[in-house]
Structure formats: C-alpha cells, structure tokens
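Let's take a walk through this model, one stop at a time. Have the viewer open and follow along.

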Amino acid sequence: MSRTFSIIIFLFTISHLFAQEKFTLSGYVKDASSGEELIGATIYIEELKSGGTTNVYGYYSLTIPKGNYHIRYSYIGFESNTVVIDLSKSQINDLELKVQESTLNEVVIKGEADDANIRSAEMGVVKMDIKEINKIPVLFGEMDIIKTLTLMPGVSSGGEGKGGFYVRGGNTDQNLILLDEAPVYNASHLMGFFSVFNSDAIKDMTLYKAGIPAKFGGRLSSVLDVHMKEGNQKKYSVSGGLGLISSRLTIEGPIVKDKGSFIVSGRRTYADVLFGLFDKDFSDMSLFFYDLNAKANYRIGENDRLFISGYFGKDKLGTEKFGFNWGNTTGTLRWNHLFNSRLFSNTTLIYSSYNYQINITQSNSEFEISSGIEDYHIKQDFTFFANTDNTVKFGMDVIYHTFKPGDLISAGELQIDNIIIDKKHAFESGIYLSNEQKLGSRVKLDYGIRFSLFNEVGPGSVFQYDSDGEIINEKIYNKGELIESYFEPEPRLSMSYLLNESSSLKASFQRNAQYIHLLSASTSDNPTDVWVPSSSLIKPEKANQYSVGYFRNFLNNTFETSIEVYYKDMYDLVDYKDGADILLNEHVEADLVFGKGRSYGVELLLKKNLGKFTGWVGYTLSKTERQFDAINSGDWFSARQDRTNDVSVVGMYDINDRLAVSASWLYYTGDAVTMPSGQYLIDGNIVPLYTERNGYRMPDYHRLDLSLTLKGKQTQKFQSSWNFSIYNAYARQNAYSISFEESETVPGTMEAVQFSLFSIIPSVTWNFKF
C-alpha cells in the first residue's frame, strides 16, 4: 500500500513539473529612432495578466510557463507593440519602439507606465522626463534638473544663490548625487545658480526620498541617480543652444551602426564677457564655468557591452590679484555581461574627485590655498530574474577615499610658513541583497539589507583633546594601519497594497549610515566646505525613516494624487561650536560637537499627466529640529532648513504644435537663522548679543517664473526653437542675507539691512538640432 502511495506521489510530482515547464523570454527594449535603451519600459503578458519592466540598461527577463502568448511592449510617449510568441524554448526578443506622433490631446510628461505610481512598491520616489524639465522656466534660460526637483514635495532649494538642496529635513551633504554611478561632491556652478547637469547630455534621473534600494549607501537623506545618454546608434546629429550668458553644443552618433555609439556635450557661460561690455570694472574679471560630458559604448557579442563615460567641470571667479576656482571630475568604466538570460551582471570602475583652489597675489608674492576629496571605487552588481514574481539583486562595492583637508603654499617676497595638513584615508565598503516580490495581484514588496563597513587607515596622526580643545595625546599610524573601524546593518523595506485599479496604500522603512561629513561654518554651502571621514572622535551619522502613503489616480490615469507622511530620526549629527573656524584648521575635530535630529512632515501632490495642459501642485508641511548638548543650552532648536510651509505650482500648456507656454510659482517659509537679540558696548563699540541658535526667521520666499517656447519650421534634417523666459516676473525682492549695522539716523542702535540678489530677469535662448 505504501509503495502504491509513493508511486502515485511520484507520478503526480512528475506530471506537475512537466505541467510547470518554464522558459525565459529576454532582451532589450530600445528607441527606434536612436537605438538607446529605454529604462522602465513595460512588458505585459496578456494571458497571464502579469509582466515586468526593463532595468536601467533596458534589459528584461521573464521566466514563464511554456505556451503561446501575446506580449505587449510599451513605454509612455512611444507606440506600443504587441507580438505573438510561441514560448516552447528560451528565446531572446529585442524590440524597438517608435516615438508616438502625439496629438495635442495625447501629450504626456513622464516616461514610465501610466499607473506605475499606483502599482509599484516605490514611494518617496521622483522620476522626471528630460523633455518635461526643458519646459520649465529657469534662471537665464539654462535648464536645470536640480532646480526642477526642488519644485517637488519634500525637496527644498538651498536658497537663491546658494548651492545644494534639502530632502525631508536632511543636510545638503546627506544627498548621494550620482552621475553614471560616480559621486558628484559639489553639484553647483556659480555658487548655486546652476547645477553641474547639462540637460542635453542627460537621459534619465531618479530621486529617492524614501525606500532607497539596498544597492545604495553612504548618505542619510536621499539618492539622486542620474544617467547620461549613450548616444545615437542610428545616425549622426548635432544639437545645442545659444543664450544670453551661456551656450551648449552636443555631438552624437554611431561608432558602428546598431553596435556602438558616442556622445560629447559641452557647455560654457560668458557672463564676465557680457558684463565687461557694459561696465569697465568687469573687464579684467573672470566669472564663468564650463563642463564637458563624454560617453561611448560598444557591444562585444550578444552577451557583453562596454561603457566609458566622464564628466569634467570647472568654475572660475576672480581678477589678476585674486582667483578662485573649483570643480568636479568623474570617470566611469562599466562592463555589462549576461551569464545567461536570467542573470545580469554589471561591473563598474569609478573615479571621482572634487577640489578647490584660491590664488592670491600681493606685493610680488603669491599664495595658494587648496583642498579636496578623491575616490577610487569598484562595484559589482548582479540581477537574477527568478520569475515574474521575484527579481533578486545582490552585489558589493569598495571605495578608497583620500581626504585633502587643506594646504597653504606661499612664494615670493612675503614669505610665510607653509601649512600642509595631513591627508586622511579610508576604505568604505558594502554588500547587499534585495528582492522585488509580488504576492498575488495586490501586494508588492521590495525588501533587502545592506551591510556597510568603514575603515579609517594610516598614515596619519590621531589627537585627543580635553574639554577646552587642548591636545592631551597624539598617536601616529603608519601607512595602511587601521585607525578606526565601524560596521552598520542597514535594512530596507517598501510595500504596496492595491486597493483597486486606481488606488493603493504604501509604507516603507529604511536605515542609513553616513561615514563622510561636510563641514560648513556658514549658513549656506560653499565650494570651500571641507569633507572629513568618520574617525575616533567623529562617529558615523545614522538615520531611521518611517513613511506611509495613499496614492490615487483619476480619469484613466490623467491625474495622479498622493499624500505621504514621514518621520525621520537622526543620530550622531555633526556641527560646530560657536565661533569655530574650519579653514586650514588641522585640529578642526576639537571644534566639533555631536547631537541628534528629527524631521517629520506631510507631502501632498496633485499632478496632471495628459492633455494640452500638464503640470502639478505640491505642498509640504514639515518640521526639522536639532539638539546638541553644547548648543542652545542643550534645548532643541530649528535646523536652518526648517521650512514649515513649502508650496510649488507648475503649469505647462501647448497652445498648438509650435507654441507652448509654462509657468512656475513657489513659496516657502523663511529659513531659520541666528540673529542678535540685543547689544552691549565695549570701549565705545557696539557688540551684538547672540542667544538662541536659529531663533529667528528670514522673510518668506516666493517667486513667479514664466516661459514661452516657439518652434521654428521642423524638417527631417533641421529643428529649431526659441525660448523666452522671465525669472522673478513680479520682481520680488527676496532676502539673500540680512546684516546688522549701526543706524545712521539713531546712533548707538543697530538696524537690520536686507540684501537681495535679483529683481526681474528676462532671457532668450535659441535651440537647434540637425
């Protein structure tokens, strides 16, 4: 009897296995006009009512039961394509999609599935199409992805004329900014008026405010993941633009048609030349930036592809007697390899550096001050497409940091002692494992864990200080000798539950650790801020973030809405003692204090994606605070980026095929600042009295920008357009800074003096492509 039962079980198992015989359908989805891979294209199996999407390299892999299927390939802004496939064996199906010839009623503003915001487990994620970004009015007509991001809920600008951006209450250095996987340490040009990203060279960008994937590490608040274009694999083209203070030029084309391509894109401003024409005081002044993006790729057989890309940017400001320049350099070499149709590999070598240099000429003497940071980085990432319900990602990475705190070198008649602060070195590494999983038709999970390790190594000296900042001990370490080590587990979890075809609930949790820190003694980010590693005194910063949200689409996904609530705890934050100085300070650690922070808020978004009129309204209500025992008598105080209310309204309207207008309006509560609360006299001089840290507010900020785009006659060989924009259309005098001076009318008293940067600024740009 038992033998009979065993035979029945065996036969049932065998028949079940045969019934579940599965094969893999895989390939790349590309743009038919350029050959560039499409990121996030949807592959939908009608018979199974399931499918998947392409990864950041345009690759997909679906393992499904044997059978005949109707497979629909789609991507917003492109014509969908349905093919019939007899899946009796594993096969490769590369597909090209044609750009949709849109009518005015079919205009779209994003490049992903039209209900991805509902069905995806992602929350706190911003994805924007470059075409959308190019429609939004900006300063001097120079398109800027970071300025556009700050119009979204939960993302705030560093301020007018100030670099960086804030995400959910984090500091500007707590954002990991990646360009083709290489970190960009200073993403601003001209003190924050422009970003380093030339939109002509950018293919795709994603900002993670929450639910950060386990493959990313090293920052507390967010990840901005930017990918450059690969270049047109079909034909050669030249595009660019001429503006009032800047010009751009891009050249791209095939190395071998449909096998390899390249793109080179450059940009330069000439504000100093323009100002010099109207004011002789500017004739000997340098005030410009340039950047260059370059990328090439080549397919070696069916399973291998190589990419090489680089970014080179520099700002220059000064005169014959004073010069100040700063810039980034990045380089990325990537190798994509398919071990088989289900296992995708990406091996990456990365170089990144940032440095600044100040040159001063005085009395036949020259002085040079410099500082920076340099990285060498290796990454190995794997994606295993287990089946249509599970996609497993795992990998590792190692970074070798070199920190250059600062040097002062002099030459000439005025000899002073050179100051050369020892470099610091560290290894930052991590391993991760994650899985994107579907549970039935309603539940999606994205969960994983990252284990990060940080080792500060010699050569170098480590000092111990007493409570007054005096040195009490020094220990010297040899090259490669371990100085300090930290290890942190970083779990990540995002989930969504589909309530119906148009709404869902989502939740996420993430823990992040940050091992490198930007020291800034000013109220805004400057190119002279200094990066330092975690050490015996400086602990890694850590944060836990919890968020929940409700997402709802209306009118067949024409409108999307969301409400997200978040709470973030932060630990071992770094700040300065009052009156500290960081420039060329070898013992800067003695001037640091450590504390904690918290940030919480609600983000609302209403976005229209289809039709002649598109755009969004965003609102953030939030609170961000810090607490340090040595600051503000140990009481909680508002962080400088604490903005109670933040509102943005963006609208874009296509009047006809050639004419389009757009506008954006933003408002936010003034930054928290420290101002004098009184005054006293010392030897007849008025001295301000400071009490509470960040106890006052700058005036509220608001601004309206307008834009009009007129397309010229379009042919197959030549396209052009004119863009007219007005920055700060109603000439609001927003405060850049407030200083306190002795009153001229009432001697012996102090008065506040506001300084504003800009009034109304019109601009015009001519764009072309042939």
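Is tyrosine 497 buried, partly exposed or exposed? Tyrosine 497 counts as partly exposed because its relative accessibility is 39%; buried would be under 20% relative accessible area and exposed over 50%, with a 1.4 Å probe and protein chains only. Before going on, a word on ground rules: this is a predicted model, where local features need pLDDT of at least 70, side-chain atom pairs count only at pLDDT 80 or more, and totals for chains, interfaces and linings use all residues. Residues are numbered from 1 along each chain as its sequence is written, and side-chain values use heavy atoms, leaving out hydrogens and water.

Tyrosine 497 sits in strand E32, residues 482-500 (strands are DSSP runs of at least two residues, numbered from the N terminus). Setting aside residues up to four places away in sequence, tyrosine 497 touches Arg442, Val443, Ser503, Ser504 and Leu505, where contact means heavy atoms within 4.5 Å.

Now hop over to an open sheet of five strands, ordered E9-E16-E17-E12-E13 with mixed pairing; two strands pair if DSSP finds at least two bridges between them. Strands E9 (125-128) and E13 (182-183) stand at the edges with a single partner strand each, so one side of each has no neighbour in the sheet. E9 runs antiparallel to E16 (residues 202-208), joined by four bridges, and lysine 127 stands opposite threonine 206 in E16.

Threonine 206 is also among the contacts of leucine 224, including Phe197 and Met205. Leu224, Phe197 and Trp616 have the most contacts inside the largest nonpolar core, which has 45 residues. Such a core is a set of buried Ala, Val, Leu, Ile, Met, Phe, Trp, Tyr and Cys residues joined through side-chain atoms within 4.5 Å.
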